[in-house]
Amino acid sequence: MRAETQNTVAEIEKSLELLAQRLDWETAPHRLEEFNARVEDPNLWDDPDAAQKLMRDRQNLVDAMETYESIKRDMSDNVEMIELGEMEDDQEVVTDAENALKALAVKAAQKELEALLDGEADGNDTFLEINSGAGGTESCDWASMLARMYVRWAEKKGYKVELQSESAGEEAGIKSATYKISGQNAYGWLKSESGVHRLVRISPFDSAAKRHTSFSSVWVYPVVDDNIEIEVNPADIRIDTYRSSGAGGQHVNTTDSAVRITHHPTGIVVTSSEKSQHQNRDIAMKALKSRLYQLELDKRNAAINEAHENKGDAGWGNQIRSYVLQPYQMVKDLRTNHETSDTKGVLDGDLDGFMGATLAMDVTGKSRAEAQGEG
């Protein structure tokens, strides 16, 4: 077997090892037996909410076990095919199996990262909020570029994207926008994007073609589902209605029924301007509850809480990632040092590498490369 193929097999084996650790493979069959016994309880559906959670947890375990076993089986089968092809001097069989192993290594690495998405709200849908920083037109244009980047990323994942509210820039771009992104693990993937994003480029708005630095902030928080109870005291909120119009294009919107809710104890403000006033109230309340829930999550996680408290204004010293288009091409995450020169790919939504690196570091305290390097 060629050295390159041996390295590919080693990558898959290391991913399997980390998957087994996250799954606690030794106890998994016993946990599945317990789930199956509880599913057979004739009184299970007396509490529909608890029953649905049980069924979801069971299915998640079944899926994780099947994924692990499938990758392990496919790796073994393809290694056998390579050995057989080499014995019979059949290069076509060897090449096909080597290509299958390469594809399997990519799949295993992806599943390895997905296994890290086991936080309380990681599986939930998410709200994505983008705000331009100081800098006028430049920052508004950068905010619209970020919005396009995340919409492209979500669409590639097969997620549903809904614009909740949008405030247009005076000359170009957007001052702010809020999206609801729906799909399995949407919050788990996007939560690492919260922070300030910095752009360096030759400004298309500067007739002197000078280099400009722009900042915009991103905030991600989970959609609160029916299994999470968040109480909001009516005396703590103010509800305002106002006229709102979108920026045109695909987001054309003009309505007299936009809703803004202000939560006095925390200073949180949420808006919705896409549907009827009644629907806007419902959307805005759900967004408020999600923001309040995020605060509770932050309190339980000191590292995340500190990051949010220190996020500050969208400017120097607070950025989590730099996107440099001039004088060279580079996108670099300042938390993990993950970087790429494929700036076009990133701005077109190729973000999994950055999200995965941050996700691995949040969970293990190490980069994925460091974790895989441990024997």
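Trainee: What makes a residue count as buried here, and what share of the protein chain does so?

Mentor: Buried means under 20% relative accessible area, with over 50% called exposed and the range in between partly exposed, using a 1.4 Å probe and protein chains only; of the 375 residues of the protein chain, 44% count as buried. This is a predicted model, in which local features need pLDDT of at least 70 and side-chain atom pairs count only at pLDDT 80 or more, while totals for chains, interfaces and linings use all residues. Residues are numbered from 1 along each chain as its sequence is written, and side-chain values use heavy atoms, with hydrogens and water left out.

Trainee: Why is β5 called largely enclosed?

Mentor: Nine of the 12 residues of β5 are buried, so this strand is largely enclosed by the rest of the structure. Strands are DSSP runs of E with at least two residues, helices are runs of H or I with at least four, and both are numbered from the N terminus.

Trainee: What makes β2 and β11 edge strands?

Mentor: The open sheet of eight strands has the order β2-β3-β1-β5-β4-β9-β10-β11, with mixed pairing. β2 (160-168) and β11 (339-340) each have a single partner strand, so one side of each is left without a neighbour in the sheet.

Notes
Pairing = 2+ DSSP bridges.
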